[in-house]
Structure formats: C-alpha cells, structure tokens
Amino acid sequence: MAQQPLSSAAQPTDIYGGDEVSALVLDPGYCNTRAGWAGEDVPKSILPSFYGHSTATPAQNFFGDERLIPRADFEIRNYMNKDSVVEDWDVAPKIWEHMLINRLQPDKQTAPSKNGLNDDPKEKTQDGEGDVAMEETENQEIEKLLQENPLLVTEAPWNTPKAREKTTEVIMETWGCPAFWLSRTPVLSAFAAGKATALVIDVGGANTSVAAIHDGMVLKRSIQKSPIGGLWLSSQIRSLWETSEPKVTLTPTYMVENKTPVDALAPVQARLRQFPYQIHSSFRAYEEERVLTEFKESVVEVWNKPGRLNSPGNEDFAKTLPGRVFEMPDGWNQMWREQRFKLTEGLFDETAGYPLPEEERVGKNQTIPALIRAALEAVDVDLRGNLLANVVVTGSTTLINGFNDRLQNELAAMYPGMKIKIHAAGLTSERRFGAWIGGSILASLGTFHQMWISRKEYEENGPGIVEKRCK
Amino acid sequence: MSQSGATVSQECITAYNELKLNKKYKFIIFKLSDNYKEIVVEEASDSKDWEAFREKLINATSKSKSGAIGKGPRYAIYDFEYSLASGDGLRNKLTFLAWSPDDAGVQPKMIYASSKEALKRSLTGIATELQANDPDDIEYDSIIKTVSKGLAG
C-alpha cells in the first residue's frame, strides 16, 4: 500500500512542460459533454448537453442528470445544435464551468452562494440591491479559476470560425487559462487508432460524419455529414411502436408510480404519478429518450449477414432468428424479432426502415454508404485505396451489434477488389469517448507544451490565432 | 495540425543519411524515447533478411503510463530493391513505414501517430510511405507490390 503513487491531487502541478501539466480536456457533443483531466483514461465528468431551464421568474438553469427531475415551469433545452456546434453562448460557458470546476476541482469553486449555478431562486429575489456587488465578485473569482490549467477543447471539423472565436474568448478571457488548443474530433479518433491517415466514420448521437484524414490533417473537401445517428434511430423506434399491432405506448419512467409484472402483450397494470403542475413536452421527450436508449442498447441490431435486409429471403430468415424481450417502464413487455434489424436498415438503405415524418426522413445521399462514397470521391484517386484500408469507426451508435460487419459488407460491395480494413476500438469506452481520450493523451504529453497556444501568443495575435494554428 | 510536439534526435538524421547516401544500412527502426519526448534510432542494420526485420516490428514493445509493457508502434525506413518485371533492371525505393499494431495500447498509438510528421519531415527523399497495422500488412510480397506499384518482377 505504501508504494502507491500519489493521488493526482497530491502530485506536483508546477512542472509545466513536464508530464504533469494539469491540463483539462473538454469534448462537447450534442447528447453529452465530456470533461476530465488530461492523462486519464476516461473523462471523469460526463453530463448531458441537455439542461433544465426554469421559466419561472427569475429564470434559472439546472445542469446534470440528477437535477433533471419533474418540476413546474421547467423545460429541457440543449446548448448545442444538431450539427454539434454550440448555439447558446450564454449557457455553454456555464455548463462547461460547472464541469471543469465544480465537478472536477470542487475545492476551487466559488462559494455556492456566489457562483450563480443552480441557485435557489428564492434567495436571489430576496437579495435585492446586494445583487450587483455579488455579480462583480463572482466575475473576479471566475477569472482566476482556470489560471493553472491549459485546456484542450475538441470540435467538429465543420465548426464555424465564429464559434471557434467564441470558445477562445471564454477560455482566455473568462477563465484565464494559461494556454489552450482546439482539436478536430476525427483527427483525434484517427490518431487514437494509431493512424495519421484514415477515413473516419463517426456515428454519434445527433449526426453521422465521414472525413478523410491525411498525415494528421482533415481533408476539408471530404467532410460529409448527415442527421442519421442515435436520435434518428430513436425516431425509427418511435415509428415502430406507433405502427405496431397493438400499438406500444411509451410511458417514461418518471410517470410510473408502481407497476405489477404482466405477461407478454398483456394489458399494463400500473399506477401513474399525478403532478399538480404541467410537465413540459421537452421534459417528457427527454425522459422518453432514456427508454429509447435502453431499447437501443438491449434490443436493436444491425443486419450483418450477406446482402441487405430486403435482399430476397433475408427478411424471412430474420424472422427465424432469436428475438429479444423488452419491458417498458410501465411493465408492458413483448418480444421483438425481425423489427430489431429493420430499425437500423435505414442507416444503409434510405428505402428501408420505418416511415418517418417528412422532416426526419433521409435522402439517398445521406446514408452511411452514400457519405463514404461522397467523401472518397472528393479526395485524390491515389489516396482512396489507402483510406479504404484504414477505416476508423467511432461513436456510440457504432456499438450496436453487427454494425462493423455490415459496414464491411457494404464497403466490399461498393469497392470490389479493394482492400478494406475497418478499425474499431474493442473497448466500449474508447468508442464512446474516442475523441476525448485522444485529446487526453495529447494534452498530457510533456512535449505538447510547445503546441499549446499560450496566453502571450493569444495576447499578441488576438483570437484569430486559432484559425492560423489549429488547422 | 495536431502534433505531439515530440522532437527528432540528430542521430535519426545522421543514420538516415548514411543509409541514403552511403548505403551503409538496409533499414533503420526508429522509436520514441521512453519519456516520449524524442524520436531516436532503435536499430540500424545492413541485414537484408526481411523476415528478421518484420519480426522485430511485430515483437516491438512500449511501456504504458502505468508501466505495463505491451505491443509497441515503430517507424522504419527500408531501402527496397527490386528488379522490374519488364527486365529494365534494378530499382531502389526508400520507404517510410509507420507501424502501429492494432493490439497496441491507445496511448502509444496516439503518441506515435501524432509524432509521425515530425520524423517524416526531417528525412528528405522518401519515395513511398506506408501505414501498417497488423502482421499481414508487412508481408514482403504485398509490400513490394505496393512499393513498386506492381512493377516488381
């Protein structure tokens, strides 16, 4: 026991340029935002990018899953847009600060009475005139909060110059970081797979992207994205349940007070909770999404036998495969068989899958094979073989059973005679947090101190330095 | 460009020039020093035995943060020599090989991939670059095909 290394808190943090740089890594996504210390294997703080917003006066925000509970006058919002670009710049720094400081370095946080996070609204109203003075101290203290922590932030390869500038401002002006860096997620995923050249396929929560990386650079013209991803898959499941016979009602967990186990397809015996106030539809949708996620994790599969699901004979064969039972929060349960495969078929074939409302339907240019084809056609023909031999698959949605086999089959059919090799991390965490892990390793390297954009460089060049340095 | 910031030691360039200009070596294997700060020469050899070279890559190791020894990536320069199938004589091709076995740990893979450009840029006159991730990728027959663009006899 005496031989144990010092805990990270006890280790010296002053050897900037050594391997302990006390750097932080922040990886914002549409469904989750991940934050943690550089050098660690997984992000210590993972929070939904969805947050609660109380519309009562004064308005206030709630961060973290445990605070997203039924409340009056309470909506669920998201600070990112579905293209994984920050949209709400008032809230983004607050969520980030909540994660980087309150969650990761609680000893550093400003007193809860002053930090403006998760305030009790009553207290504030009683404050009256004292409010102004408080805001000032708050700002001063925040400025000091990250003065010892270089910060690496990941971004989508299509992140806008404006969003990059905003991020830089928050890092340098609001938090006072000594240094920072912005990294493109597909480059980090490629590097983490040991490849400087790769075709990175990232099937995430809100979107899917395909990007060619060559010698550690994103080839801009190759970048393709589409809204198919985890949330699109949720719509497929909703559609399946809607059109099922009998129709499956999605009652989220928070509504169920108690339930009695019932047989498969038997009427539900549950008592529902009553709320003395209106539950906002966004809250219900968020809660429904949790049930859908569970369904995706335990029931949904990708058709991975030869051909597509609608190839002759395949659908009949799918019906003979073992099914999976899923129990809804209210006790409804039933066996799902060939439907499990049909749900994901639209990722590969826009004509398959369940009917969706028009705004959620994807076109034939938005399936994964179409994105890959478009990405490859945008790059030099000499490079294509090399990219196909180095396909890197990442993102949580790729964890669905059968995904990699199917992708291999699709690519083999599209590019006969070419060597196709798919690399997908075996560890679930590496697939879910691929970009964060890559950033964590990079930012923990002693040698990386010469890459960081330092405060001095920033002050001499202004926020435009990002466009020059982080390419 | 995201790069690790690792530096290239002078011995890498010296050894490379010995190989390129004086044909002193057949291959050079480079590695990152144990503290991951610098790229150094692990071995420079005039042995023409491809299988021995291949074994060296396959058996290469690196140390993870926690001190555990696992498979390790490497960089290598190999001076390929082959005769053309058309009978037009011998050709030499300096080839840069980025070896990163899929079953190596994520940390060494990340560091080697993000440091590669530093080494490649220091070595001038490389004709071909290959990225290899499993033992099948470094079979002589398939490699020579790629290096010679199918022209080897």
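Let's start where the chains meet: 25 residues of chain B are in contact with 27 residues of chain A, contact being C-beta atoms, placed from the backbone, within 7 Å. Helix H3 (residues 106-122) of chain B supplies the largest share of chain B's side, 10 residues; helices here are DSSP runs of H or I with at least four residues, strands are E runs of at least two, and both are numbered from the N terminus. That side of chain B splits into 11 nonpolar, nine polar and five charged residues, where Ala, Val, Leu, Ile, Met, Phe, Trp, Tyr, Cys and Pro count as nonpolar, Asp, Glu, Lys and Arg as charged, and the others, Gly among them, as polar.

A word on the ground rules: this is a predicted model, with local features needing pLDDT of at least 70 and side-chain atom pairs 80 or more, while totals for chains, interfaces and linings use all residues. Residues are numbered from 1 along each chain as its sequence is written, with chains lettered from A and ligands numbered from 1 in the order written.

Now look at two helices of chain A. The axes (lines fitted to C-alpha atoms over the stretch in contact, with angles from 0 to 180 degrees between N-to-C directions) of H6 (residues 230-243) and H7 (residues 281-298) come within 10 Å and cross at roughly 90 degrees. So H6(A) is roughly perpendicular to H7(A), a label for 65 to 115 degrees. Leu233(A), Ser234(A) and Ile237(A) of H6(A) meet Glu289(A), Leu292(A), Phe295(A) and Lys296(A) of H7(A).

Elsewhere in chain A, Phe180(A) touches Trp452(A) and Ile453(A), among others, not counting residues up to four places away in sequence.

Terms used
Two residues are in contact if their C-beta atoms, placed from the backbone, lie within 7 Å. Angles under 35 degrees count as roughly parallel, over 145 as roughly antiparallel, 65 to 115 as roughly perpendicular and the rest as oblique.
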